[in-house]
Amino acid sequence: MIKLTSGKPTPLGASYDGSGVNFTLYSVHAERVELCVFDEDGFEQRYDLPARSGDIWHGYLPQAQPGLRYGYRVHGPWEPAQGHRFNPAKLLLDPCAHAVDRHPKDDPLLHGGHDAPDHRDSALAAPRAVVVDLSYDWGDDAPPRVPWGDTVIYEAHVKGLTQLHPDIPEDIRGTYRALAHPVMIDYFKTLGISTLELLPVACFASEPRLQRMGLTNYWGYNPLAMFALDTRYASEPQKALNEFRDAVKALHKAGIEVVLDIVLNHSAEIDLEGPTLSLRGIDNRSYYWIREDGDYHNWTGCGNTLNLSTPGVVDYAHQCLRFWVDECHVDGFRFDLASVMGRTPEFRQDAPLFEAIKNDPRLAQIKLIAEPWDIGHGGYQVGNFPPLFAEWNDHFRDGIRRFWLHQDITAGEFAGRFAASSDVFQHNGRLPSASINLVTAHDGFTLRDCVCFSEKHNEANGEENRDGTNKNYSNNHGIEGLDGILDVIERRRASVHALMTSLLLAQGTPMLLAGDEHGHSQHGNNNAYCQDNTLTWLDWAEANKGLMTFTAALIHLRRRIPALTRDSWWQEGDGNVRWLNAQAQPLSTGEWQGGTRQMQILLSDRWLITINASQDVTEIALPDGEWHAIPPFAGKDNPVVVAIWHGPAHGVCVFERS
């Protein structure tokens with residue numbers, strides 16, 4: 001039998017050096033750690049990790065090779081009231097595993113016990129880590145480093161984006177390989193987006209509750225192994241890592257950035273009734289925020305909350321980010337429920353993980369995007385993240401929807417959102433790009449559903465329509481559902497154009513939900529996290545080609561307007577913006593504060609956005625000069641000079657000065 005030697009305490013996880021594998025595991029309160037390796041027949045061989053440096057347990061296994069399956073059994077106290085739930089009967093997944101051999105099923109063997117330990121061995125059901133050789137030839141790959149002022153984000157799901165694409169080979173649809181297929185790269189470039197933001201690709205699990213209902217976690221916000229690619233998106237599961245790297249390399253060559261949605265706030269172990277898969281059994285007290293009674297603080301709504309204030313867990317999260325940047329060359333992250341990252345437990349801008357990111361030269365120069373809230377007390381932190389971060393701006397989302405679909409905010413409120421929400425973000429040296437402007441995202445209505453449904457319809461999720469927000473600021477235009485008479489359909493079309501124009505021509509960083517440019521509908525489901533089916537997959541054959549052309553024209557127009565690409569705050573008299581009324585005069589105080597629904601926005605003294613958010617046709621007098629309506633509101637090289645715009649209800653148009 002080969003003996004384990006002491007090895008070294010870095011790097012985290014399992015590291016192959018050509019002669020063997022070094023194993024490390026962080027646990028403050030463990031008393032003994034067993035490395036468990038499995039042969040091809042599933043026979044388990046156990047080794048005590050022989051060395052401990054601080055709170056890192058480690059050992060080196062000579063002659064071990066990539067492909068080796070392994071896990072841990074960790075010994076220590078069972079003291080639930082103090083947060084300790086060590087149970088060596090449970091085989092535990094390496095939190096830093098670079099590959100996982102199977103996804104956990106809803107199996108009673110995986111439950112570690114509530115008040116007393118469950119002594120059933122979980123090895124037959126537990127997911128196991130796999131040793132990976134991380135070597136890869138990146139060639140001349142270089143990050144595109146798109147300036148924030150030129151950034152247009154496209155939020156997409158790896159599978160849903162291409163699963164139904166007729167021009168993608170069937171055997172790679174819905175996979176990492178499909179992301180970089182020439183058909184998709186041509187599409188991204190034609191559309192004009194700069195940055196592909198992917199919903200989670202790290203290995204995740206489906207909650208036992210969903211499995212019992214015959215559903216699966218589709219979005220991926222239930223993390224199992226944060227250093228491992230999920231194999232469900234690979235055409236060949238054992239090649240998942242390199243398939244993803246190949247995609248990143250090809251996208252970079254086309255000048256497109258890749259940003260990952262990452263979930264550093266909770267784990268798939270859920271609450272105390274959930275499975276014991278990894279962190280709970282390795283060091284429950286260190287990895288999670290624990291209440292005085294030994295239960296979890298549930299600031300995520302997912303059953304548990306990672307404690308990203310303890311040094312070892314901060315290092316775990318920090319090294320996770322470095323893995324994706326160093327080994328996969330990603331260009332940034334969108335952090336789910338990012339307020340958890342700043343909890344100590346109160347939110348602090350100088351929280352340990354924020355400081356670690358700021359002080360890391362590699363991480364400090366990539367795109368960092370926060371979803372700036374969690375559900376705990378003090379969790380809503382929009383505008384309060386450190387300057388390195390941009391933030392999802394729900395003020396923009398709600399304000400733009402309310403202006404066009406509910407008509408219940410003032411012109412001044414609309415202008416504030418259109419001007420990158422300077423009231424929220426213009427401080428501490430932050431720039432307009434800190435506002436990630438969105439009208440829709442993966443969670444919530446699609447753009448089409450915003451204009452077709454006034455109520456959510458989430459019955460398919462199995463929770464009797466209780467899940468998902470009720471605060472949608474949507475408007476069905478008189479008929480609930482996708483069908484409608486001609487007048488309703490035309491008003492919906494106008495509202496979609498108005499919302500899309502407001503998104504793509506506003507100051508800040510626009511984020512477009514994949515499929516909104518197609519007219520994709522989820523039939524009123526505003527929380528389709530468990531719908532891995534045609535409800536969420538984009539139907540390219542039925543895509544609205546006219547809306548795709550409209551969207552692409554807006555994105556390309558955006559890049560021509562210095563007021564939008566300069567990424568500096570608009571100041572009165574600087575030539576970036578003028579706010580005018582329907583008579584081409586500066587908006588009066590009464591118009592700013594009242595319910596006027598007509599206005600004009602002059603950008604860079606050359607491009608004029610005319611707005612009629614009322615329900616009636618309105619005449620708007622354009623400023624002095626020769627104005628031509630431009631694509632996508634008119635044909636290319638339109639020769640017609642306009643002095644008066646006859647604005648349709650819910651209408652918007654863009655003119656260029658000759």
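Predicted model: local features only at pLDDT ≥ 70, side-chain atom pairs only at ≥ 80, totals over all residues.

**Helix H9 against helix H13**

I began with helix H9 (residues 394–406) and helix H13 (residues 486–504), whose axes come within 10 Å and cross at roughly 145°. The axes are lines fitted to C-alpha atoms, for helices over the stretch in contact, and angles run from 0 to 180 degrees between N-to-C directions. Helices (H or I, at least four residues) and strands (E, at least two) are DSSP runs, numbered from the N terminus. I noted the crossing of H9 and H13 as right-handed, meaning that the near helix is turned clockwise from the far one by less than a right angle.

Which residues in H9 meet H13? I found Phe396, Ile400, Arg401, Trp404 and Leu405 on the H9 side, and Ser495, Ala498, Leu499, Ser502 and Leu503 on the H13 side. Contact here means heavy atoms within 4.5 Å. The residues of this contact divide into seven nonpolar, two polar and one charged. Ala, Val, Leu, Ile, Met, Phe, Trp, Tyr, Cys and Pro count as nonpolar, Asp, Glu, Lys and Arg as charged, and the others, Gly among them, as polar.

Residues are numbered from 1 along each chain as its sequence is written, and side-chain values use heavy atoms, with hydrogens and water left out. I checked the pLDDT (the predictor's confidence in each residue, from 0 to 100). The protein averages 97, and 100% of the residues score at least 70. Confidence is lowest in helix H16 (residues 589–593), at a mean of 94, and highest in strand S11 (residues 153–156), at 99.

Next I looked at helix H6 (residues 279–287), which is largely enclosed by the rest of the structure because eight of its nine residues are buried. Buried means under 20% relative accessible area, exposed over 50%, partly exposed in between (1.4 Å probe, protein chains only). Among the buried residues of H6 I listed Arg280, Asp283 and Asn284. The buried residues of H6 pack against strand S2 (20–26), strand S7 (69–75), strand S9 (84–85) and helix H7 (311–328).

In the loop between H6 and H7 I picked out Asn307. Is Asn307 buried or exposed? Asn307 is buried, with a relative accessible area of 7%. Leaving out residues up to four places away in sequence, Asn307 touches Ser286, Tyr287, Tyr288, Trp289 and Val313.

**Sheets**

S7 came up again in an open sheet of four strands, ordered S4-S3-S7-S10 with antiparallel pairing. Strand S4 (44–48) and strand S10 (129–130) are at the edges with a single partner strand each, so one side of each has no neighbour in the sheet. Two strands pair if DSSP finds at least two bridges between them. Strand S3 (residues 32–38) is joined to S7 by seven bridges, and Phe38 has Arg69 in S7 as its bridge partner.

I then followed an open sheet of five strands, S21-S22-S23-S27-S25, also with antiparallel pairing. Its edge strands are strand S21 (577–580) and strand S25 (627–629), and the twist averages 25° from one strand to the next. Three bridges link S25 to strand S27 (residues 651–657), where His628 is partnered by Glu656 in S27.
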